[in-house]
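Here's a quick walk through one chain and the ligand that goes with it. Have a look at the model before reading on.

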Amino acid sequence: LSEKLQNVFKNLRSKGRLTEDDVKAALREVKMALLEADVNFRVVKQFTKSVQERAIGQDVMNGLNPGQMVIKIVNEEMTKLMGSETTEIDFKPSNELTIIMMVGLQGAGKTTTTAKIAGKLKSKGKKVLLAACDVYRPAAIEQLKINGEKQGVEVFAMGNKNKPADIAKAAVNHAISNGNNVLIIDTAGRLHIDEEMMDELVEIKNSVDVHRTLLVVDSMTGQDAVNVAGTFDEKVGVDGVILTKLDGDTRGGAALSIRAVTGKPILFVGMGEKLSDLEQFYPDRMTSRILGMGDVLTMIEKAQETIDENKAKELERKMKQNEFDFEMYLESMSQMRKMGGLSSILGMLPGLGMGSKLPDFDSDEAEKNMARIEAIIYSMTPEERRNPKVMNPSRKNRIAKGAGVNISEVNKLIKQFEQMKKMMKQMPGMFGGGKRGKKGL
Ligand code: GDP
Ligand code: MG
């Protein structure tokens with residue numbers, strides 16, 4: 001049992017403050033990862049600087065080692081960089097028409113995404129109309145019609161003889177008389193930034209009351225996507241960004257830089273060619289994808305969520321003063337449980353993932369034992385928990401009955417508990433206060 005409890009104690013052992021060396025070593029790795037992910041160099045520089053400033057001298061949280069503490073800060077700052085919270089399209093009151101204009105370079109995924117969003121909004125009860133305002137590519141109107149049909153959403157088109165702004169105006173009238181409350185305008189892109197394209201978009205904006213302008217960018221283009229976003233925002237004005245083809249982009253550089261450079265939130269990410277492949281953008285998920293440390297991050301998150309730092313400090317203090325009692329025993333077990341139980345903690349440790357088990361450790365068995373022990377301790381009175389010495393045979397008998405176990409198990413637990421206390425006394429430096437070794441990430 002003490003072996004199992006040590007898992008909890010281990011979390012308490014890493015103490016102290018983050019030194020400059022800790023932070024710099026950890027940040028070197030992070031910096032490399034960011035540059036490999038094609039994140040804008042200035043963003044990387046600014047980012048690592050701010051992490052460093054925040055991290056050096058900071059207390060290492062109970063439950064984490066210094067490397068993990070740095071990851072924790074990096075994780076938070078990175079999520080912040082991408083906007084922290086998910087951003088959704090906002091609509092006008094449902095009796096009014098919300099007009100959304102899609103802009104972006106040719107091939108970025110505007111037409112596909114228009115249909116994807118239409119499907120999402122339809123399932124939320126919106127009455128959506130799509131307007132085909134790409135009059136340059138012959139197949140563009142047809143493409144929107146086909147996709148709209150697949151989604152069960154009406155498409156308004158006037159061929160390619162009219163100006164996009166006029167088509168947009170006609171689409172608004174159609175939407176109003178038709179009782180639609182959302183109109184999404186699909187526009188034409190160009191291969192590169194182009195004055196004509198920008199003018200055309202501005203003209204549409206001046207002709208109809210566009211509520212939100214959404215920029216569609218191809219995430220595979222990395223830093224180019226960021227430059228494109230900057231120019232579109234400057235010329236046309238952009239409210240939010242949709243990153244497409246993230247299914248083919250393993251780096252996430254565009255995701256990280258766009259928000260930091262342009263200040264525009266990412267609303268959705270395209271994850272494939274199918275019309276259902278559009279997901280809400282979650283900055284925290286993107287962070288763990290970019291850091292490539294999903295498991296470690298999950299562990300940090302859990303430690304953070306569940307370990308009440310004050311309780312942990314109190315526990316540590318008491319252990320040092322050898323005041324450890326059954327109350328605390330219970331507390332440490334419940335902390336372990338809150339972290340997801342032994343087996344899930346073991347599963348998250350690097351190299352042990354995928355349900356593999358330590359060779360000499362049956363975690364199912366251990367968890368069953370834990371439950372029995374908890375039952376025994378719950379059957380004790382508060383006084384008995386705090387001062388196990390008062391437990392005489394009749395008390396032990398009562399406890400055993402209450403917990404539904406044999407009295408020998410109660411005896412065994414008390415004996416192990418006394419042994420553990422003795423062990424702690426012999427090794428006063430073992431818990432907390434010990435010198436911390438250097439650890440990598
Ligand atoms: P537009 O010129 O901006 O309207 O771009 P399209 O909507 O025509 O899309 C261009 C190509 O990108 C098409 O072949 C789409 O199927 C593809 N595409 C769009 N979004 C995604 C995505 O999220 N993932 C993948 N793999 N392909 C996408
Ligand atoms: Mg198109």
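## The annotated stretch

Residues 265–278 carry a UniProt annotation, "domain: SRP54-type proteins GTP-binding", which comes from an unreviewed entry. Keep in mind that what you're looking at is a predicted model. Over residues 265–278, the chain is 43% strand and 0% helix.

## T213 in its strand

T213 belongs to strand β5, residues 212–218. Is T213 buried or exposed? T213 has 23 other C-beta atoms within 10 Å, so it counts as buried; the cut-off for that label is 20 or more.

Leaving out residues up to four places away in sequence, T213 touches M101, V103, V236, G237, V238 and D239. There's also V241, which is 28 residues from T213 along the chain, with 8.8 Å between the two C-alpha atoms.

## Two residues with positive phi

Most residues other than glycine have a negative phi. S84 isn't a glycine, yet its phi is positive, at about 60 degrees. K245 isn't a glycine either, and its phi is also positive, about 60 degrees.

Where do they sit? S84 is in the loop between α4 (66–81) and β1 (98–103), while K245 is in the loop between β6 (240–244) and α10 (253–262). As for surroundings, S84 is partly exposed because it has 13 C-beta neighbours inside 10 Å. K245 is buried, because 22 other C-beta atoms lie within 10 Å.

## The chain as a whole

Zooming out, the chain has 19 helices and eight strands. Of its 441 residues, 38% count as buried; T213 and K245 are among the buried ones.

Conventions:
Residues are numbered from 1 along each chain as its sequence is written. Chains are lettered from A and ligands numbered from 1 in the order in which they are written. This is a predicted model: local features need pLDDT of at least 70, side-chain atom pairs count only at pLDDT 80 or more; totals for chains, interfaces and linings use all residues. Helices (H or I, at least four residues) and strands (E, at least two) are DSSP runs, numbered from the N terminus. A residue is buried if 20 or more other C-beta atoms lie within 10 Å of its own, exposed if 12 or fewer, and partly exposed in between; C-beta atoms are placed from the backbone. Two residues are in contact if their C-beta atoms, placed from the backbone, lie within 7 Å. UniProt positions are given in the numbering used here, feature names are shortened, and annotations may be inferred rather than shown by experiment.
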